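Open your viewer and get ready to click along.

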Amino acid sequence: MYGFAGKVLHVDLTRGDFTIEQPDEAFYRQYWGGSAMGMYYLLKHTPPLADPLGLDNTLSFFISAPTGVPISGQSRATATTKSPISGLVGDSQTGGFWPAELKFAGFDGIVITGQSPTPVYLWIKDGQLEIRAADHLWGHDFTTGEVEQKIKDELGEPQAEVIQIGAAGERGVRFACVMNMSNRAFGRTGIGPVMASKNLKAIAVRGTQKPEVFDKAAIAALNRSGTKEIPNNADVKGLQDYGTASVVSFQNAIGSLPTHNYTSGYFEKADEISGEKMADTILQGNDTCFGCTVRCKRVVETEYRKSKVLPTYGGPEYESIATFGSYCGVSDLPAIALANQICAEWGVDTIACGATIAFAMELYENEVLNLDDTGGIALRYGDADAMLQTLNQIVRKEGFGAILAEGSERAAQLIGRDAAEYLITVKGTELPAHMPQVKRSLSVIYAVNPFGADHQSSEHDPMYAPVKDGESNLYLPRLAKLGLTQPQRTKVMNAEKVKFAWETQKNYSFLDTLSLCQFVWGPAWTLYGPDEEVALIKAVTGWDVTLDEIQQIGERRINLMRAFNAREGVGRDKDTLPQKLFKPLKGGRSDGLFISKEELEAALDMYYDLAGWDKTTGNPTPAKLAELGLEWILELDTTPANSTGETSA
Ligand code: SF4
């Protein structure tokens, strides 16, 4: 096979040993890697109703065929597990250099089962695995930067790439993440506490085995044409110049910048937290992932109240700027950069963390919480010091922070009163910073997505907006290749918008299966579109794929996930939106906008029809699973796990 390493590493931490599997070509052509391959092993190894933090949960990291090949946007990996936040699918991606280095070390993925009796880390070098003691790295509240350096020093491998849980994961913060290079993360769905429950501190990789590809010349040509296109693609150029924060001003202009815990889509101080402001003030430079010429990552250096913000921890992405910024009404960019750094040092998801603080601020503003509850912190919107003080308590699980460290949904249960009315969560997962009241197709995607509300699971509505007579753009001809030929206005929801959601969701799902970056590859605005997706996969593997097969690869992953959730007893009942989204927004271009329950239910009916799922349960039908070669799921042993534990938020 071309592209793939051809090997999957299985590590049993209970026994402290490992095996190497060499799946056949048919297996690779069916599951490809990334999130879909992770789901395959999760379904096979983790029984129904297993405790996410117990012995029976499976944690995997997968890459795919293009990973490590010299072209932009290929060095990404997916972590897959059962989430301790939702009790359902846990899925999260990261970029950087670790994914490519895992390929060079000789593996397409690592499947981790069991629990080590003592803290350990994995060292994988050129096909060899060593399970090493990590007692000296655990329990000391070292920063992730310190741990990464210690591991490289003791291995004598300065070029090793390291992913790790931080001290917040060790302490059991529910939305702890797995950090990568100390400045990127498998951020969402609680991957950190699962890795901590296995007593696994880190995975370091290093290798020299570059992947063989089918058609080197075709890849070089694609690489050249993409790089040449960057100056002509305003969206990608914006990413290069201002990072993901390039969208702050646009989001605010269309009323889609969540402000004051999703009360408004307009933040009057948005200019103070924009990508342009960052470039003018605290930006030190750009960073990149292996082989990528877009270089969208930010590196900042500044200080806030004498606390230094160091380049080691990169810089805040749009989502982190929004959650610690506009969600909380905070407009101090150095304070937001410091919040981002604290999350990276301790290893927590910035979206869940910032959004949970904003939720607590709304409770305080509405007198659901008082100073006795918060331990004396006046959690007012706009107070950067209160935001940082609370954050420091969360990562340590101290004081009121110990309640918020459970995430906003469990915190609402612990607080009681009418706290749940202020929640902004789906399946226990805090909403990201793109508002479905405005980008209407996201309402159905946020509701149905198997691992909770996610902004990276489909294309956003402005890309499907009609253009004026005589104008043209890049997006619409590309979307037409997916059968999307009837553009719709951003704030409209109808059958065509549901089709837009479904078709682009499949394409994004393909990207998360092939481990491709969604800022470089995709169905609309990116450097490369659907034609180039086909060309890349053909050039890497030599397999004669079509766009239909690409869409089916994405569809298979979504069905694997929904089938897992169905086995946990969850389907349409959890496909809903927070109550707050059914009430009108206040201020800005989205003033008065809300989602009606009738509109959502009608959209869900249309979505299940398109997906070929049972409309009553929201679950994949046996016929759909058979069509995708997934009938084996129905034959799995459904005996529940022995370990008890929470299964649902
Ligand atoms: S676009 Fe940004 S996130 Fe994506 S691969 Fe390139 S540098 Fe990494």
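Helices (H or I, at least four residues) and strands (E, at least two) are DSSP runs, numbered from the N terminus. The model is predicted, so local features need pLDDT of at least 70 and side-chain atom pairs count only at pLDDT 80 or more, while totals for chains, interfaces and linings use all residues. Residues are numbered from 1 along each chain as its sequence is written, and side-chain values use heavy atoms, with hydrogens and water left out.

**Stop 1: the whole protein**

Show everything as a cartoon. The protein has 24 helices and 18 strands. Its C-alpha atoms fill a box of roughly 65 × 60 × 50 Å along the principal axes. Now colour by burial, where buried means under 20% relative accessible area, exposed over 50%, and partly exposed in between (1.4 Å probe, protein chains only). Of the 649 residues, 64% are buried.

**Stop 2: helix 17**

Select residues 408-415, which form helix 17. Is this helix mostly covered or mostly open? Mostly covered: six of its eight residues are buried. They are Ser408, Glu409, Arg410, Ala411, Ala412 and Ile415. Step just past the helix to glycine 416, which takes a positive phi of about 75°.

**Stop 3: the second largest pocket**

Stay with helix 17, which gives the most to the lining of the second largest pocket, with three residues. On a 1 Å grid over the protein atoms alone, a pocket is an open set of points where a 1.4 Å probe fits, with protein on both sides within 12 Å along at least five of seven lines; lining residues have an atom within 4 Å of a point. The volume of this pocket is about 340 Å³, counted as the space filled by probe spheres set on the points, which are joined across faces, edges and corners.

Which residues lie nearest the centre of the pocket? Select Glu409, Leu423, Thr425, Thr576 and Pro578 to see them, out of 15 lining residues. Strand 17 (425-426) also supplies at least two residues of the lining. The lining divides into seven nonpolar, five polar and three charged residues. Here Ala, Val, Leu, Ile, Met, Phe, Trp, Tyr, Cys and Pro count as nonpolar, Asp, Glu, Lys and Arg as charged, and the others, Gly among them, as polar.

**Stop 4**

**Stop 5**

Jump to lysine 306, in the loop between strand 15 (302-304) and strand 16 (307-309). Its phi is near 70°, a positive value in a residue other than glycine. Lysine 306 is exposed, with a relative accessible area of 76%.

Now try serine 515, between helix 20 (495-513) and helix 21 (530-541). Its phi is also positive, near 55°. Is serine 515 buried or exposed? At 2% relative accessibility, serine 515 counts as buried.

Finish at tyrosine 381, in the loop between helix 14 (371-374) and helix 15 (384-396). Tyrosine 381 is partly exposed, at 21%. Its contacts beyond four places in sequence include His260, Tyr327, Ala358 and Glu365.

Terms used:
Contact means heavy atoms within 4.5 Å.
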